[in-house]
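User: I am new to this structure and would like to learn how to read charged pairs in it. Please start with the general idea and then take up the case at hand.

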Amino acid sequence: MPGMGGATVGERAHDDTGALRRTLSFRDLVVYGLLFIAPMAPVGIFGTLQATSHGAITAVYVVATVAMAFTAYSYAQMVRVVPKAGSVYAYARVGLGEGAGFVAGWMAMLDYLLIPAVAYLFSGIALHALVPQVHQWVWTAVAVVVSTLLNLWGVRTAAVVGFAVLALEIAVLVVFVVAAVWALAARGAQRGWAVPLTGEGGFSLDAVLAAVSVAVLSYLGFDAIASFAEEASGGSRRVARAVVTCLVVAGVLFAVQTYLAALLAPMSAAELAARPGEQGAAFYTTVDSAVGGWLHDLVAVSKAIGAAFAALAGQAAAGRLLFAMARDRRLPGAMAKVDAGSGVPRRALLGAALVTLVAAVWAAARDDGLDRLSSIVNVGALSAFALLHASVIGWFRFRRQGAPPSVLRHAVVPLLGLAVVVAVVVEASPTAQIVGGVWLLVGLVVLAVQYARAGAGPSDA
């Protein structure tokens with residue numbers, strides 16, 4: 001079977017599949033990353049993090065940003081080595097071998113297919129709240145169809161529309177910041193100015209770290225930038241810079257909004273912990289009490305639109321992952337075709353959209369659908385991150401020829417990143433761990449079948 005041998009760094013697409021077009025600027029890459037993350041991602045989990053961290057929610061996001069910086073740094077290292085679509089799949093394939101590459105892509109696939117489904121569901125829920133006459137599964141399906149059409153139109157068109165949506169989200173965030181500062185100046189804070197960093201009643205490292213395991217989920221998606229390596233103008237260095245820039249910008253936005261919201265929150269962390277039913281709406285309750293209902297509605301509309309376009313960015317990244325794996329004959333070859341008109345992997349995008357549509361509509365039609373989906377989306381991405389860090393070590397210390405590797409950049413940093421990822425996976429819910437384990441087992445069976453058909457063992461895995 002072609003594609004079973006050793007990978008060639010920077011190899012080009014096969015002639016019969018066409019090539020992705022280099023049309024994305026540095027700004028476009030950052031837009032895709034921030035769209036997937038969403039500038040106001042903490043809104044939905046604000047109450048949960050407040051309760052878990054004993055009020056030190058801003059410290060949680062500072063620690064989470066630093067923790068994810070290790071992963072961003074490993075992406076920046078590998079995107080220069082393998083400037084290809086497929087992201088962590090391509091990196092593990094080169095750094096660790098064919099078998100590990102397939103496993104990395106397989107685990108990342110779970111994340112890229114389900115995170116958009118969760119985002120579409122958020123959009124459907126928000127739109128249903130604004131127009132309750134239409135069921136949320138209908139709104140969810142509409143969001144999937146609209147964003148899929150934009151993705152099929154072309155990566156440049158989607159980036160332009162995405163920039164407009166991102167500008168809207170940031171504008172709403174700026175309105176919140178200005179209104180929050182005004183409220184603090186007019187009526188003062190509900191608690192001490194240092195409490196969002198130190199916690200209520202003293203700093204608890206265990207509480208902050210427990211909350212970090214949840215907050216890290218807000219950052220899943222910044223890595224999608226690496227999936228567009230073959231469509232970025234300016235080379236791999238620009239992609240690496242965009243990955244790091246996106247993470248830093250997101251970290252700053254998260255820290256600022258959670259700091260202000262924590263100062264204004266009418267309920268203490270202890271009260272939120274005692275009333276878990278209040279946690280989901282804690283941010284909206286804060287906005288209502290401190291500013292007014294108009295800002296509540298503005299934030300809700302922004303979240304509805306932003307969630308749909310976060311899913312758009314995720315769907316686009318999923319399509320590139322399926323395209324890359326199909327091009328290497330790890331998935332059906334039909335998905336390795338690039339549309340001549342739009343320059344996008346149309347069949348791979350449609351395949352990703354179909355799976356996401358089924359998952360999102362299924363969840364939207366169930367009372368417990370959001371809980372079921374959101375509990376399992378992180379394991380795939382975190383498993384792929386673990387293989388990313390291992391790929392840095394594998395390539396620079398064992399596979400690369402030439403100059404000796406840097407101990408700090410190519411051993412210490414990826415090992416620290418790997419330790420963070422393992423710690424977060426250990427803190428994941430049992431359901432997520434079971435689903436991740438079953439998905440991994442299925443992937444290993446698929447890999448074994450591929451090797452059996454090729455008549456060769458995984459000698460380089």
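Analyst: Begin with E98, which counts as buried at 0% relative accessibility; buried means under 20% relative accessible area, exposed over 50%, and partly exposed in between (1.4 Å probe, protein chains only). This is a predicted model, where local features need pLDDT of at least 70, side-chain atom pairs count only at pLDDT 80 or more, and totals for chains, interfaces and linings use all residues. Residues are numbered from 1 along each chain as its sequence is written, and side-chain values use heavy atoms, with hydrogens and water left out.

User: Which residue forms a salt bridge with E98?

Analyst: Side chains of opposite charge can pair when their charged atoms come close. A salt bridge is a side-chain nitrogen of Lys or Arg within 4 Å of a carboxyl oxygen of Asp or Glu. Here E98 pairs with R330, their closest N and O atoms being 3.1 Å apart. E98 is in helix α5 (residues 98-130) and R330 in the loop between α13 and α14, 232 residues apart; helices (H or I, at least four residues) are DSSP runs, numbered from the N terminus. R330 is buried, with a relative accessible area of 2%.

User: Which residues are linked with E98 and R330 in a network of salt bridges?

Analyst: R93 and D328 are linked with them in that network. R93 forms a salt bridge with D328, with 3.5 Å between the closest N and O atoms. R93 lies in helix α4 (residues 88-95) and D328 in the loop between α13 (293-327) and α14 (346-364), so this pair ties together parts 235 residues apart in sequence.

User: How many salt bridges does a search of the whole structure find?

Analyst: The search finds five.

Notes: Helix = DSSP H or I, 4+ residues; strand = E, 2+ residues; numbered from the N terminus.
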